[in-house]
Each structure stands twice: as structure tokens, then as C-alpha cells.
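Take a moment to turn the model around before you read on. We'll go through it piece by piece.

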2 protein chains.
Amino acid sequence: MAIADGVRGALGSASRIRKMFEEGARLKAQYGPEKVFDFSLGNPDVEPPPDFHRVLVNLALEDAKGSHGYMPNGGYPQVREAIAVKAGAEQGLPLKGSHIVMSVGAAGGLNVIFKAILNPGDEVIVSKPYFMEYRSYISNHGGRIVEVPARPDFNLDISAIQARLSEKTAAVLINSPHNPTGRIYPAETLQALGEALQAQGERQGRWPYLIADEPYRDIAYKPVPPVLPVYPESLAVTSYSKSLSLPGERIGYIAIHPALRDGDDMAKALIYATRILGFVNAPGLMQRIVAELTEVRVDPGIYARRREALKQVLAGAGLEYAEPEGAFYLFCRVPGGDDEAFAAHLQEHLILGVPGQGFGLSGWIRFAYCVDEEYILSSGGAFKKAMQTYKDYHGPSKTHCDKTP
Amino acid sequence: MAIADGVRGALGSASRIRKMFEEGARLKAQYGPEKVFDFSLGNPDVEPPPDFHRVLVNLALEDAKGSHGYMPNGGYPQVREAIAVKAGAEQGLPLKGSHIVMSVGAAGGLNVIFKAILNPGDEVIVSKPYFMEYRSYISNHGGRIVEVPARPDFNLDISAIQARLSEKTAAVLINSPHNPTGRIYPAETLQALGEALQAQGERQGRWPYLIADEPYRDIAYKPVPPVLPVYPESLAVTSYSKSLSLPGERIGYIAIHPALRDGDDMAKALIYATRILGFVNAPGLMQRIVAELTEVRVDPGIYARRREALKQVLAGAGLEYAEPEGAFYLFCRVPGGDDEAFAAHLQEHLILGVPGQGFGLSGWIRFAYCVDEEYILSSGGAFKKAMQTYKDYHGPSKTHCDKTP
């Protein structure tokens with residue numbers, strides 16, 4: 001009754017996806033969890049690396065005085081220094097502690113950035129398909145999302161982005177490795193984007209920020225080109241949810257380009273936003289842990305093997321997909337193009353995936369392979385049966401994928 | 001240059017307080033930290049109870065599979081159940097897990113509540129003086145703060161609040177034990193507030209929410225009456241920052257009155273807001289820790305002794321203050337009434353406090369006594385000297401306090 005209109009509306013629209021999860025839970029209860037092939041959730045089942053456990057135990061036993069108290073809102077100075085070295089190495093630019101703001105995961109970091117930069121009516125450009133939560137992160141702070149379709153191979157369409165740049169453009173938000181397509185943006189594409197934004201700034205006097213959302217940087221099957229070097233007005237935001245398998249602990253950071261205009265004010269604004277949005281600071285114990293684990297990541301080989309397993313299963317069932325270069329998602333073209341109908345049909349065969357509409361792009365379906373390799377391989381029969389009966393209704397798939405295996 | 005206008009403005013106004021902290025740091029560097037009496041910060045120096053350390057070590061050693069992964073956005077179901085029992089006992093109402101939403105501290109919880117309930121232009125009533133961050137928590141989500149002066153004894157002024165209720169009133173936000181005054185609102189005042197809000201709802205068809213911000217509930221020198229029983233449309237929000245001295249770990253919760261209208265939708269809205277604001281969920285490890293510590297609190301006797309020490313120091317210097325019933329603040333009347341000038345004068349005598357203007361009320365100054373008892377007692381000479389020289393300029397204090405010791 002007295003719930004905010006925007007939130008009440010979202011509760012209604014969210015209930016469709018929620019119904020799918022409830023349906024999944026019902027299926028697992030009815031047929032047994034091992035009979036249901038759940039590729040719907042991006043919740044890594046890989047345990048944190050042993051080094052995480054070692055450092056957690058050490059810090060717990062040590063329990064230094066004052067170690068759970070407040071620290072500066074941007075994070076412990078020594079943690080920011082340690083992360084600056086790591087982030088600087090990844091981004092190919094020397095960073096200092098003052099360029100790092102510790103955040104409550106990447107989701108917290110993105111909200112902090114948008115709070116810090118958006119005036120009412122400002123626009124943020126995203127490449128479609130995209131992680132749907134971006135819509136809320138932007139609208140929470142008075143911004144408007146502008147969707148620009150990706151190229152057919154899911155690379156950024158630089159000229160299409162360029163065509164949508166205006167005096168209202170506060171930022172371009174990119175995500176590589178990409179959810180849901182698994183795409184890694186090539187260095188030359190990023191370079192072209194940086195040049196487009198630089199030209200826009202020179203023309204308009206307003207340099208849009210380039211925001212790189214990079215939670216999957218460490219889950220990659222080829223090098224992930226750094227973003228910061230292509231454009232000074234850039235920020236990278238990431239989390240340890242995937243790279244250390246710590247999604248429940250809510251720890252990440254924002255890195256500010258060292259040559260960003262008014263960079264000191266940007267750091268202050270991000271820290272202020274961290275405070276007033278109620279994060280106050282990133283969780284203290286986890287800050288101290290990740291600062292000691294700058295060289296540690298989960299083994300991406302685990303995900304590489306799973307990717308191969310799922311590719312094998314999908315190819316065996318005659319499904320076509322975008323070749324995944326990173327993250328733990330396979331984005332498949334839907335025979336006939338109706339992703340809702342296809343997802344519902346798969347569900348009848350006890351297979352769960354997320355329709356492309358959940359990422360703003362119909363005609364595709366996302367399978368998350370952050371589940372056990374054996375479990376993936378054992379889904380092959382169900383996929384084949386599902387495809388056979390689906391073809392009976394919809395005819396053989398005539399579609400082709402721009403990047404088939 | 002491209003920082004949001006609202007944030008840039010705040011950076012400017014915040015710099016005055018920041019200068020004070022910088023000045024404090026300068027003084028400590030110049031004269032030695034033990035020579036500077038810093039009563040400015042509400043950062044508890046009391047260590048978490050030994051039980052916290054025990055549970056942290058146990059959980060770290062156990063490191064159960066999946067224990068750092070995602071959980072439902074409202075928190076682990078078993079944690080919500082455990083907290084429901086604790087919160088129900090405190091509030092004098094039986095609560096279930098479904099009435100609890102785990103939050104990133106009380107600051108995170110308040111942002112989540114305001115995101116869930118505020119439409120643009122909605123008003124939230126607060127009693128002045130108040131914790132200044134409330135302004136941002138409300139404006140972040142499109143709301144407008146309405147300040148209603150407290151009674152002279154800093155109790156809520158129910159008829160003044162009643163006079164400001166309108167169809168725009170989304171909520172009344174109260175805080176007991178109170179920062180900065182240390183006031184605990186009596187049961188009959190809360191009862192009268194509940195009746196006023198009930199009458200308003202019946203008249204207007206819109207029942208304002210009653211939001212109780214209770215981070216200091218466990219730091220109290222007399223019983224803290226529960227808020228939920230006085231009015232069904234109520235929410236309590238709290239954290240473990242003070243009760244377990246864990247401010248850096250960002251853990252707290254929201255409790256929903258079991259009879260709140262559309263209570264299930266309210267829970268969904270709070271959980272949705274937790275997700276889209278980028279909190280995603282309260283930090284997982286800390287959730288599991290506080291669920292095992294529902295009977296544990298820091299010893300309020302430590303703060304009671306410090307309170308006595310500071311009262312003794314202030315009385316010795318001839319300063320008058322509101323008798324503190326809870327929290328760890330003494331709110332003192334400023335001789336002559338110019339709190340900025342008085343704070344600056346105290347600073348010359350190496351004493352740091354926060355001018356009442358920082359809480360919306362000139363003529364007062366806040367001293368935080370979450371510092372060592374000996375340290376407090378050793379400040380007596382400095383206070384006396386400061387008062388002597390201040391009187392030379394401003395004449396003897398003629399003010400009196402409504403609740404003097």
C-alpha cells in the first residue's frame with residue numbers, strides 16, 4: 001500500500017523470474033535435485049582458494065585490537081595501497097592507494113559511482129544484451145539508461161555508441177568478460193571507444209566517463225585487455241565474488257584513472273557516496289583478507305573444463321552459441337527465436353536457463369556453467385530429448401551463430 | 001567537473017568538519033596524541049566481546065562448503081530465524097524470520113527502507129537535534145526531511161510532530177537512545193506517538209511508517225522501551241556496530257512489525273531494495289556470527305563508568321549538560337550559545353567536540369565518551385582552564401539545563 005511506486009512496479013515484474021526459480025525448486029523437490037539441470041544462476045560453486053582460508057584463520061586467531069572498528073570510509077589506507085599495486089598491474093598503469101576506493105562488491109561500487117556522477121536526466125550508455133541490474137543501479141540515482149545494440153558478434157558497436165553520445169551522456173558502462181555472452185572486448189575496440197569519448201569531450205566540453213565493470217576479469221580463456229589506458233576519464237570496478245568465490249561477503253573496489261580530471265574530487269565524491277548510501281565502508285575483515293591475496297585467484301581451468309563440457313553437450317544437441325571467451329556463461333541462439341517458449345520447453349525436460357529477454361535480447365538463452373563438470377555432462381541426454389521434441393513443433397533450427405565452435 | 005551537483009555541494013560543506021578532524025590530527029602530531037582530548041568521534045574503542053572472537057575462530061576453522069557464496073538477498077533463512085527471536089524479545093512481540101531483513105549496518109538498513117517506501121516529494125519527520133546523515137539517507141531516495149524541534153528536555157514533541165503530519169508524510173524517524181543527546185524516549189511518549197500516527201492514518205487513509213533507528217539500544221543506563229508494540233506500521237532498524245563493537249564489519253538488520261499492512265510486500269520491497277542498491281546481501285560471515293551471539297552484548301558498565309567520569313569532568317568545569325540515559329554522548333549547553341566559537345576555543349585547549357550545528361541545533365556541543373576512562377579523567381584540568389579563559393571573554397554561564405545532574 002505505501003511501498004514506493006517504482007519498487008512496487010518492479011516487484012510485479014520480478015515475479016516472473018521468481019516464478020521460474022520457484023518452479024525450479026518445485027522440480028527439484030519432485031524429481032530429486034540431481035535430476036534437474038539448473039544452469040540458471042551465476043552463483044559460483046567453486047570454493048575460495050586455500051589461501052583465503054589460511055588468511056581468514058590467521059586474522060581470526062590474531063584478532064588485532066581495533067580490527068573491527070571504523071576505518072576511513074574509502075577503506076584501510078594499507079589495503080588501498082595493496083590493491084593499487086594489483087589493480088595497477090592489471091590495468092597496465094601505475095596506481096596509488098588514493099586511486100582506490102574499497103566497495104561492497106561491484107554492485108555497491110557501481111551504485112557509488114552513479115551516485116557520485118549522475119545529475120537528474122543524465123544518460124548512461126550500455127551495450128545490449130546486458131546485466132539487467134544496471135537499469136536499477138542507474139535509475140536509483142536519477143539517471144536514464146540508453147541501450148545500444150551490440151554488433152552481431154557481441155563486440156561493442158562503436159559507431160552506434162558514438163551516434164548516441166550527447167551533452168546528456170554522463171558515462172558509457174562496459175562489462176568484459178561479458179555477462180551474458182562471455183565476450184572479451186578486444187584492445188582495438190576499447191581503443192576506438194576511448195578515442196570516440198575523447199573526441200566527444202573535445203567537441204562538447206563534457207567528457208563522458210568510461211566505466212568498466214570487471215567482476216569476471218579473472219575467469220577468462222584469453223587475455224583481458226585493460227580499459228584504463230585507452231581513456232583518462234575512466235573507472236574500473238570489480239569484486240572478489242568470482243575471482244575468489246566470495247559473492248556472499250560483498251567485497252570489491254573502484255579504481256580511478258590516475259590522470260582523471262579532478263581525480264582528487266572524484267575520490268572524495270566516491271568516498272562520500274559510499275558513506276551516505278549507507279555502505280559506510282566495505283566490510284573490514286574482508287578488506288584485510290583481500291589485501292593479503294593480491295596474487296591469488298580461483299583456478300580458471302576449472303571453468304575452462306566446464307565450458308568444454310557444456311559446449312560438447314550443446315553441440316551434441318544441435319544448439320548454436322556465441323563462443324565464450326570469459327565469465328561462466330554460454331549464450332545460445334534459440335531455435336525459432338522465442339526464448340520464453342524455449343525456456344519453458346527446456347523446463348519440461350528439467351533444464352533451467354535464463355531467457356535472453358532477461359538481458360534485453362530476445363531469441364537467446366543463457367546457461368551458467370558455474371556447476372560441476374559431471375553434472376554438466378550428465379545433462380546431455382535431457383538436452384537431446386528436449387531439442388528433438390522442440391524441433392517436432394518448431395522445425396529444424398535454421399539460424400546460425402556469428403561465432404560457432 | 002562532472003561530479004553530480006548534489007554531491008559536489010556536499011563535498012564543500014563537509015570540508016568544514018573535515019578541517020576540524022585535520023586540525024585534530026595536526027594537534028595530535030604537534031603535542032602528542034595523549035595531550036589531545038578527542039571527544040569528537042563516535043567510534044567505540046571497546047573491543048568486541050570474547051564470544052565474538054570464539055565464534056569467528058570456530059567459523060573460520062570450520063569453513064563450511066559454500067559458506068561464502070550467495071544466499072537469499074534478505075539473509076540466510078536460519079540467521080533470520082535466530083535474529084527474529086532476539087528482536088522479538090527486545091520489541092516485546094513474537095517475530096518470525098520473514099519479519100527480519102539482514103542489512104549492511106543500520107545506515108544500510110535505513111537507505112533500504114527509504115528506497116522501499118519513498119515516492120518523490122514524500123516527507124520524513126525527524127526530531128531535532130538529529131544525526132545529520134539522515135538528511136542524505138532521505139534525499140538519496142527522493143524524500144524531503146521535515147525537522148520538528150524536540151521538547152526542551154529533548155523528549156519528542158508529539159503535538160509538534162502531529163502538527164506536521166500531512167498526506168505527504170511517509171514516515172516518522174526516531175532514534176532512542178538518542179544521538180547526540182543520550183535521551184531514551186519514555187514508553188508513554190512512544191504510546192502517544194503511536195496513537196497520533198494511528199489517528200492520522202484513519203483521517204488521511206495513509207498511515208505514516210514509524211521507523212525506530214536503534215543502534216544504541218544495548219548502550220543504556222535504564223530500560224529502553226520497545227517501539228513496535230505502539231503502532232503496527234512500524235519498523236525497527238539496528239546494527240551490531242555498538243552492541244558488539246563491530247562498526248567496520250557493516251552488519252545489522254531491519255525488523256518488520258508482524259501486523260504491518262501488506263507486510264509480505266514490505267519484506268519483498270526491502271529485500272528488493274537491498275539487492276538493487278548494490279548491498280545485494282549483508283556480509284555472509286558476519287551474518288552467521290551474529291546469529292550465534294543473540295545473547296551477547298558489550299558490557300554497558302564500561303560506558304556507564306566513562307559517563308560518570310565525563311560528568312565529573314564537565315561538572316568540575318561548570319558545564320551543564322543533558323543527563324544522558326543511553327548511547328555514549330554528552331550533549332552540553334554552550335556558555336554564551338555560540339557553539340562554533342566554543343568548539344574553536346576548546347580546540348585551543350586541545351579538547352575536541354562536535355558543535356551542535358552538526359546536529360541541527362546551535363548552542364550545544366557533543367562530547368563522545370567512547371574513549372578510555374583514565375583519558376577522560378585526565379581532561380579535567382584542560383576543561384577547567386578552557387572554561388576560565390572562555391568566561392573571561394564571555395562572562396559566567398547564565399544558562400541552565402532542563403535536566404542537570
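What follows is a walk from the pair of chains down to single residues.

First, some housekeeping: this is a predicted model, where local features need pLDDT of at least 70, side-chain atom pairs count only at pLDDT 80 or more, and totals for chains, interfaces and linings use all residues. Residues are numbered from 1 along each chain as its sequence is written, while chains are lettered from A and ligands numbered from 1 in the order in which they are written.

Let's begin with how the two chains are related.

How many residues of chain B are in contact with chain A? There are 67, and they meet 67 residues of chain A. The elements giving two or more residues to this side of chain B are helix 1 (5-31), helix 2 (50-62), helix 4, helix 5 (133-139), helix 8 and helix 9 (284-291). (Helices are DSSP runs of H or I with at least four residues, strands are runs of E with at least two, and both are numbered from the N terminus.) Helix 4 of chain B gives the most, with eight residues. By type, the side of chain B that touches chain A has 39 nonpolar, 15 polar and 13 charged residues. For this count, Ala, Val, Leu, Ile, Met, Phe, Trp, Tyr, Cys and Pro are nonpolar, Asp, Glu, Lys and Arg are charged, and the others, Gly among them, are polar.

Stay with helix 4 for a moment. Within chain B, helix 4 (residues 105-117) packs against helix 8 (residues 263-276) at an angle of about 115°, with the axes 8 Å apart. Axes are lines fitted to C-alpha atoms, for helices over the stretch in contact, and angles run from 0 to 180 degrees between N-to-C directions. On the helix 4 side you'll find B:V112, B:I113, B:K115 and B:A116, which meet B:A269, B:L270, B:A273 and B:T274 of helix 8. That contact divides into six nonpolar residues, one polar and one charged.

Now look at chain A by itself. An automatic or database domain assignment sets the domain bounds, and chain A is divided into domain 1 (5-48 + 299-394) and domain 2 (70-291). Their C-alpha centres lie 28 Å apart. Where they touch, domain 1 of chain A provides 24 residues and domain 2 of chain A provides 27. On the domain 1 side, helix 10 (300-316) and strand 10 (329-333) of chain A are the elements that give two or more residues.

Next comes a sheet in chain A: seven strands in the order 2-8-7-6-5-3-4, open and with mixed pairing. Two strands pair if DSSP finds at least two bridges between them. Strand 2 (100-103) and strand 4 (144-149) of chain A are at the edges with a single partner strand each, so one side of each has no neighbour in the sheet. From one strand to the next, the twist averages 25°. Inside this sheet, strand 5 (residues 169-175) and strand 6 (residues 209-213) of chain A run parallel, joined by five bridges; A:L173 has A:I211 as its bridge partner in strand 6. Helix 8 of chain A lies across strand 2 and strand 8, at about 15° to strand 2.

Chain B shows another kind of sheet. Its strands go 9-10-13-12 in an open, antiparallel arrangement of four, with strand 9 (320-322) and strand 12 (354-355) of chain B at the edges.

Most residues other than glycine have a negative phi, and most peptide bonds are trans. Yet A:S176 and A:P177 are joined by a cis peptide bond, with omega about -10°. A:P177 sits in the loop between strand 5 and helix 7 (187-204) of chain A. The bond from B:K128 to B:P129 is cis too, with omega near 5°. And A:R250, in the loop between strand 7 and strand 8 of chain A, has a positive phi near 55°.

Technical notes:
Two residues are in contact if their C-beta atoms, placed from the backbone, lie within 7 Å.
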